[in-house]
Amino acid sequence: MVFDQFFRGKRSPALTESLRCGLASVADYERRVCETVDGTVVDYCRGGAASERTVAQNRAAFDRLIIRPRCLQRIGGSRSLAVTSFGVSYRMPIGIAPVALQCLAHPEGEKAMARAARTHGVPFVLSVLSSVSIEELAEAVPRAPKWFQLYIFKDRELTECLVRRAEKARFRALVVSVDTPAPGLSRSERRNPLTLPAKVTCANFVPSGNGANGNGKASQSCSASVLDYVRSQLDPSLGWDAIQWLMSITTLPVIVKGILNRADALIAADIGVHGLIVSNSGGRQLDYAPAAIEVLPEIVHAVGNRLEVMLDSGVSQGTDAFKALAIGARMVFVGRAAVYGLAVNGQRGVEEVLDILKTELESTMLNAGCGTLADVTPQHVCHEMQLYYPSAVDRMRSSWRGDSFRSDRYRTRDRRSNAETVDTDTIQDAEQDDVEHAGMRKIAENASERGVTFQQRCIDTALSVPRGIYRSNTNNLSKCNGNVASACPSDAKIAEHYQLPYVHTLKSSVSMEELDGSIFKPTTVRWLEVFPFVDECMLRSLVRQAEHCGFSAFVLSFLEPSNHVMSIFNEQPHVRFSDLHRTQGEDIYRSKNMLPPARDAKSVTWFIHQFRCFTEAPVIACVSTTQKDLIFQALYAGVDIICVVIDEYTPFPIF
């Protein structure tokens with residue numbers, strides 16, 4: 001008996017009640033599989049790429065999301081898990097993801113899995129590397145809602161043949177995996193190689209689906225090694241035109257699986273695919289890839305109103321499904337969880353796993369105040385770190401994003417600018433935010449308005465994409481001798497080349513006039529870093545000089561105690577600080593024009609108010625994360641932007 005060596009004779013057609021009592025979650029089924037199934041099959045089911053950090057990250061990312069319930073929502077009897085996808089209604093938003101060679105887990109393999117999916121009314125995705133052929137599955141389970149997963153192989157005729165077979169077998173959608181230019185590296189497979197039994201093979205590539213009698217080249221490849229076969233057929237030279245080709249040869253909906261990047265999602269939407277599955281293939285392909293649930297928000301935000309967005313990878317609890325649905329997924333898919341049920345008890349085991357997930361999802365929705373899937377909204381889920389910060393500030397921070405980096409080659413429609421998004425959505429959300437103190441609400445509203453004004457005036461007019469701030473590295477003054485050619489001009493050239501705002505510091509030996517005349521183009525965005533000088537005449541003179549030279553914003557630095565900044569000026573007698581020298585003379589500024597160490601907020605507030613009297617340009621306050629009081633005082637004082645700086649001395653718990 002081929003399968004005895006894999007299952008050690010402990011699996012039975014129906015579990016006894018004593019055994020069933022210990023199976024209350026997917027984790028229990030996983031533990032039972034580890035106890036009863038051969039180690040090579042366990043490694044195949046549980047393993048991931050390389051160090052398997054992506055597998056662990058999938059679980060950890062779900063655990064970092066917190067469910068925020070609503071009370072007294074008048075749910076009543078209107079409760080339902082029904083969802084519609086591509087015009088077909090399913091009983092719950094949980095499907096079965098494609099898994100290759102399921103006959104390794106149970107003799108019935110994909111047939112048992114499809115029957116369980118039919119029982120629960122959920123979609124079942126058949127892998128192209130299945131151990132049951134397309135035709136055999138369609139004949140055995142004709143009424144199951146079936147999708148077909150495939151790769152676009154080097155041999156396009158082979159790919160088209162698979163598509164035609166799926167259409168003839170009445171599959172309802174095609175799921176094309178785009179994250180597999182090459183097989184993932186499995187260390188567990190190398191340590192404990194999996195040898196396929198004689199009756200388990202890639203049935204879709206064997207004549208008549210019979211692995212024992214197949215004599216073709218594909219049959220020999222499958223019999224030799226699944227990984228070798230996949231490696232021989234995968235095509236790393238594919239581009240997005242391959243997806244367009246696939247859509248041109250079929251009338252079935254085409255769903256792209258394996259998207260983990262917002263730019264890829266935009267391209268997929270632009271070329272007209274019907275749906276996306278945000279997935280890292282359960283951590284089997286790329287080690288240290290992001291968890292699917294982590295990138296789901298940005299992809300939903302980018303294309304959620306244009307096509308259906310779904311998710312797999314890491315879903316093992318009903319709460320996981322709830323979190324993904326709240327963020328914006330239409331459906332979620334489970335792979336390993338269903339295989340664990342299949343290995344423990346065949347079709348009945350898969351049905352029990354789906355029952356567990358359904359019960360957990362229903363309970364989570366009910367206790368979170370949701371009667372239907374339409375009631376599940378992003379407000380029901382937050383990251384655990386959001387509990388420590390005001391939500392209005394979080395929205396302001398999350399809205400500070402540039403437009404897409406998608407290629408113009410695939411651009412088919414104009415999208416709202418970032419400023420419009422902030423103006424219409426973020427401020428409205430901030431105004432509706434339930435902030436406990438009225439003062440905090442006022443800070444958030446004012447800061448939102450000032451942030452929009454700042455972005456429109458200083459960023460959007462000068463940059464096509466706000467990519468960040470390139471701050472001049474001129475603190476190492478011993479390397480500068482006052483000569484423009486040797487005074488670190490490469491920093492400015494880098495900022496100019498990449499269209500980054502360049503922050504010029506008064507610690508530099510290069511003057512503002514020299515930057516304006518000999519280094520920068522007139523269109524380059526320049527900001528000036530100013531320190532808390534107490535001399536109003538000096539400040540006014542510096543502001544006028546900067547505006548005359550084309551500086552468009554001022555960065556007020558409160559990162560260091562003023563006595564430390566004074567020491568920089570005083571301890572560099574060989575350096576000529578050109579901007580300050582022109583303003584005050586040779587030695588006056590070196591000793592008396594700084595504020596005392598800014599440990600109380602009054603001096604900071606006074607300085608910002610005074611500075612506001614000198615200019616109408618945007619004002620940015622740079623404050624360390626350790627100075628939380630200064631952050632809010634700066635907002636009260638009227639700065640446009642707060643730049644919270646994490647330096648090397650900031651303790652992690654404070655961050």
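## Overall make-up

The chain is a predicted model of 655 residues, of which 52% are buried. Its secondary structure consists of 26 helices and 18 strands.

Among contacts in the chain with a separation of 6 or more, 75% are between residues 24 or more positions apart.

## Helix 6 and helix 16

Two packed helices are described by the angle between their axes and the distance between the axes. For helix 6 (residues 109-120) and helix 16 (residues 336-368), the angle is about 5° and the axes are 9 Å apart. Helix 6 is therefore roughly parallel to helix 16, since angles under 35 degrees fall in that class.

On the side of helix 6, the contact is formed by G109, A112, M113, R115, A116, T119 and H120. Helix 16 contributes A338, V339, L342, G346, Q347, V350, E351, L354 and D355. By type, the residues of this contact comprise eight nonpolar, five polar and three charged.

## Helix 8

Helix 8 covers residues 156-168, which is 13 residues. From its first C-alpha to its last it reaches 18 Å, close to the 18 Å expected at 1.5 Å a residue. Its buried residues are T159, L162, V163, R165 and A166. Viewed down the axis of helix 8, these buried residues fall within an arc of 160°, so they line one face of the helix.

E157 and K168 are exposed on the other side of helix 8. The buried residues of helix 8 are covered by elements including helix 7 (134-140) and helix 12 (240-248). Strand 6 (146-150) and strand 7 (174-177) are also among the covering elements.

## Helix 14

Helix 14 (residues 292-303) has twelve residues. Its reach from first C-alpha to last is 16 Å, close to the 16 Å expected at 1.5 Å a residue. The buried residues of helix 14 are A292, I293, V295, L296, I299, V300, A302 and V303. Because they cover an arc of only 155° around the axis, they are on the same side of helix 14.

A263 is located in helix 13 (residues 262-271). With 22% relative accessibility, A263 counts as partly exposed, because the buried class is limited to values under 20%.

A263 and E298 are 35 residues apart in sequence. In space, the C-alpha to C-alpha distance between A263 and E298 is 9.9 Å.

## Residues with positive phi

Most residues other than glycine have a negative phi. F86 is not a glycine, yet has a positive phi of about 55°. The residue sits in the loop between strand 2 (83-85) and strand 3 (88-90). F86 is partly exposed, with a relative accessible area of 24%.

L101 is another residue other than glycine with a positive phi, here near 50°. L101 lies in the loop between strand 4 (94-96) and helix 6. With a relative accessible area of 2%, L101 is buried, whereas F86 is partly exposed.

Definitions and conventions. Residues numbered from 1 in each chain as written. Predicted model: local features only at pLDDT ≥ 70, side-chain atom pairs only at ≥ 80, totals over all residues. Heavy atoms only, no water. Helix = DSSP H or I, 4+ residues; strand = E, 2+ residues; numbered from the N terminus. Expected span 1.5 Å × (residues − 1). Buried < 20%, exposed > 50% of the residue type's maximum accessible area, 1.4 Å probe, protein only. Arc of directions from axis to C-beta. Axes fitted to C-alpha atoms, helices over the stretch in contact; angles between N-to-C directions. Parallel < 35°, antiparallel > 145°, perpendicular 65-115°, else oblique. Contact = heavy atoms within 4.5 Å. Nonpolar A, V, L, I, M, F, W, Y, C, P; charged D, E, K, R; others polar.
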